[in-house]
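Subject: Structure handover

Dear colleague,

I am passing on to you the structure we talked about, and below it you will find what came out when I went through it. Please open it beside this message and follow along as you read.

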Amino acid sequence: MPADSITIFGEALFDCFADGSRILGGAPFNVAWHLQGLGAEPLFVSRIGRDSAGAELLAAMQTQGMRQNGVEIDAARPTGSVTVSIDNGQPSYHILAEQAYDYIAAPELPIGHESGLLYHGSLALRHGVSRATFEQIKPQWRGPVFFDVNLRAPWWNADDIHTWIADADWLKLNDEELALLLPEHQAIDSKLLLLQQRYDLQGVVVTRGEHGALALTAGGEFVEVKPAGSVTLVDTVGAGDAFAAVLLLGIARGWPLASALERAQDFASAIVGQRGATVSDPEFYRRFREAWH
């Protein structure tokens, strides 16, 4: 599977902070941005407004070298935005309704990208239009589907999440999301085993913040990774997206799962030392590309 054969479906938006600053965000956009920085060439499928925020987003994508042919322009609805509050390094989000990414339209999508990895989250499927578009794409897909759970109240329900897990090959979520979806008093490894067996997943990965991550393969192998040494914390916005990007890269390039998890953890540990979820400095990515070559 070519390393650039990754399609990312979902929201692009701005994370807006209390000090008036704003940083490009949205889990799928963050993942696509990191993949581009790390040397892949993902196709990012989304929808933005015909507004100043949308123009800024496209300019940033161009600077990063990202393809723009999967990004639709909406004349009626705004580019997505989210208000982010940080308390003791932990983010909370206020997500607006009726954003451009809720209206991704199938007829406008580029064709010929029906293989390789297909990544999606849950937020962009909250609205019927984008959900219908994704449901048109997925049955035609010949490669693995990677579902990155991203529970943001009030924009999710458990039945939908379990339906999307059933249609996925790879599943990633954090420990809090795992507890919400499976509230039974069981150990994390037992819950991963239950999910893997119930949905016949190729792999399921749970991230655990400062405690690292735990994964389970289809063959029943558990792999655990923890942060190496001390981690400088600015904020944790986008840490899980950084982890997901490297995990996708590892799957695409055939890395052993243990190596993919170690590299994903190292990259996520570096991201939490930055403000916001994306980094514009090419040097930040170059050192990882060279180390993983």
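D200 is exposed, with a relative accessible area of 63%, where exposed stands for over 50% relative accessible area, buried for under 20%, and partly exposed for what is in between (1.4 Å probe, protein chains only). Before going on, please keep in mind that this is a predicted model, in which local features need pLDDT of at least 70 and side-chain atom pairs count only at pLDDT 80 or more, while totals for chains, interfaces and linings use all residues. Residues are numbered from 1 along each chain as its sequence is written, and side-chain values use heavy atoms, with hydrogens and water left out.

D200 is found in the loop between α6 (188–199) and β11; here and below, helices (H or I, at least four residues) and strands (E, at least two) are DSSP runs, numbered from the N terminus. The phi of D200 is near 55 degrees, a positive value in a residue other than glycine. E98 also has a positive phi, of about 55 degrees, although E98 is not a glycine; this residue lies in the loop between β7 (90–95) and β8 (117–120), and with 42% relative accessibility it counts as partly exposed. A further backbone feature is the cis peptide bond that joins A153 and P154, with omega about 0 degrees, and P154 belongs to the loop between β9 and α4 (158–166).

**Salt bridges**

Side chains of opposite charge can pair when their charged atoms come close. The structure holds eleven salt bridges, each being a side-chain nitrogen of Lys or Arg within 4 Å of a carboxyl oxygen of Asp or Glu.

One of them is formed by E56 and R22, at 2.5 Å from N to O. E56 lies in helix α2 (residues 52–64) and R22 in strand β3 (residues 22–25), so this pair ties together parts that are 34 residues apart in sequence. E56 is partly exposed at 36% relative accessibility, and R22 is partly exposed too, with a relative accessible area of 37%.

Another salt bridge brings together K172 and D148, at 2.9 Å from N to O. This pair links distant parts of the chain, with K172 in strand β10 (residues 170–174) and D148 in strand β9 (residues 145–148), 24 residues apart. Both K172 and D148 are buried.

In a further one, the side chains of E224 and R208 meet at 2.6 Å, N to O. Because E224 lies in strand β13 (residues 222–225) and R208 in the loop between β11 (203–207) and β12 (213–217), the pair ties together parts that are 16 residues apart in sequence. E224 is partly exposed, with a relative accessible area of 47%, whereas R208 counts as buried at 17% relative accessibility. Salt bridges that share partners also join R47, E72, D74 and R77 into one network.

**The largest pocket**

About 1200 Å³ of space lies in the largest pocket. A pocket is found on a 1 Å grid over the protein atoms alone, as an open set of points where a 1.4 Å probe fits, with protein on both sides within 12 Å along at least five of seven lines, and lining residues have an atom within 4 Å of a point. Of the 45 residues that line this pocket, the closest to its centre are Q90, N174, T236, A239 and G240. β7 gives the most to the lining, with five residues, and the elements that each supply at least two residues include β2 (13–17), α1 (27–37) and α7 (239–253).

α1 is mostly covered, since eleven of its eleven residues are buried, among them F29, W33 and L35. After α1 comes G39, whose phi is positive, near 105 degrees.

Strands of a sheet pair through backbone hydrogen bonds, either parallel or antiparallel. In this model, an open sheet of four strands has the order β3-β2-β6-β7, with mixed pairing, where two strands pair if DSSP finds at least two bridges between them. Its edge strands are β3 and β7, each of which pairs on one side only. Four bridges join β2 to β3, and these two strands run antiparallel, with L13 standing opposite G25 in β3.

With best wishes

Methods
Points joined across faces, edges and corners; volume = space filled by probe spheres on them.
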